[in-house]
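Hi,

Here is the structure I promised to pass on. Please open it alongside this email, and my notes on what turned up will follow just below.

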Amino acid sequence: MNYASVIASPVGQITILADDEFVHAVTFAETAITGLTENPLTLKVAQQLTDYFNGKLQHFDFPMKQKGTEFQQGVWQNLLAIPYGETTSYAKFSAHQPLAIRAIAAANGKNNIAIVVPCHRVIGSNGKLVGYAGGLWRKKWLLQHESEVMQRGQTELKF
């Protein structure tokens, strides 16, 4: 059976999709969820995301599984190793497979578990914000939020 929870956040509505065992998506997609109810897993994720936005949580701990190729799964696993409040460039992130930088960037863009699998922490080699399916304004907000929580200072006012 499939379940869903929807929460309001500083970066818009977030939809959590899961079955009885795993979370399959955490998305900014504002689609009507019909016929699905919450379960303990979606409620746990909703609480953890709320804690993240309140600056009280830096590590998520729930079972997740998203559909993808073995290559994509590897990229998403590597994303989980980027520490909270830090960024890395696409070039650095793909240094172990430099010829695959475009494939790695494409896999990063297919990540369906936003925030939790922190694709927002990968930036351009020149330090610019590039390539975020949720919108660059969200990527910027998330990076600033994590920086503030880590007490690295606020770089801009958030509204």
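Tyr84 is buried, with a relative accessible area of 5% (buried means under 20% relative accessible area, exposed over 50% and partly exposed in between, using a 1.4 Å probe and protein chains only). Before going further: this is a predicted model, in which local features need pLDDT of at least 70 and side-chain atom pairs count only at pLDDT 80 or more, while totals for chains, interfaces and linings use all residues. Residues are numbered from 1 along each chain as its sequence is written, and side-chain values use heavy atoms, with hydrogens and water left out.

Now to the aromatic rings. The structure holds six aromatic pairs (rings of Phe, Tyr and Trp, the last by its six-membered ring, pair if their centres lie within 6.5 Å; planes under 30 degrees apart count as stacked, over 60 as edge-to-face and the rest as tilted). In one of them, the ring centres of Tyr52 and Phe53 are 5.2 Å apart with the planes at 80°, so this pair is edge-to-face. Tyr52 also forms an edge-to-face pair with Tyr84, at 6.1 Å centre to centre and 80° between the planes. Because Tyr52 lies in helix α1 and Tyr84 in the loop between α2 and β4 (88-89), the pair ties together parts that are 32 residues apart in sequence (helices are DSSP runs of H or I with at least four residues, strands are runs of E with at least two, and both are numbered from the N terminus). Tyr52 is buried at 0% relative accessible area, and Phe53 is buried at 11%. Ring pairs join Tyr52, Phe53, Phe60, Phe62, Tyr84 and Trp141 into a cluster.

What about charges? A search of the whole structure finds two salt bridges (a side-chain nitrogen of Lys or Arg within 4 Å of a carboxyl oxygen of Asp or Glu). One of them is formed by Lys44 and Asp61, whose closest N and O atoms are 3.9 Å apart. This pair links distant parts of the chain, with Lys44 in helix α1 (residues 40-53) and Asp61 in the loop between α1 and α2, 17 residues apart. Lys44 is partly exposed, at 36% relative accessible area.

Arg121 and Glu146 also meet in a salt bridge, at 2.9 Å from N to O. Here Arg121 is buried at 6% relative accessible area, and Glu146 is buried at 1%.

Enjoy exploring!

Best wishes
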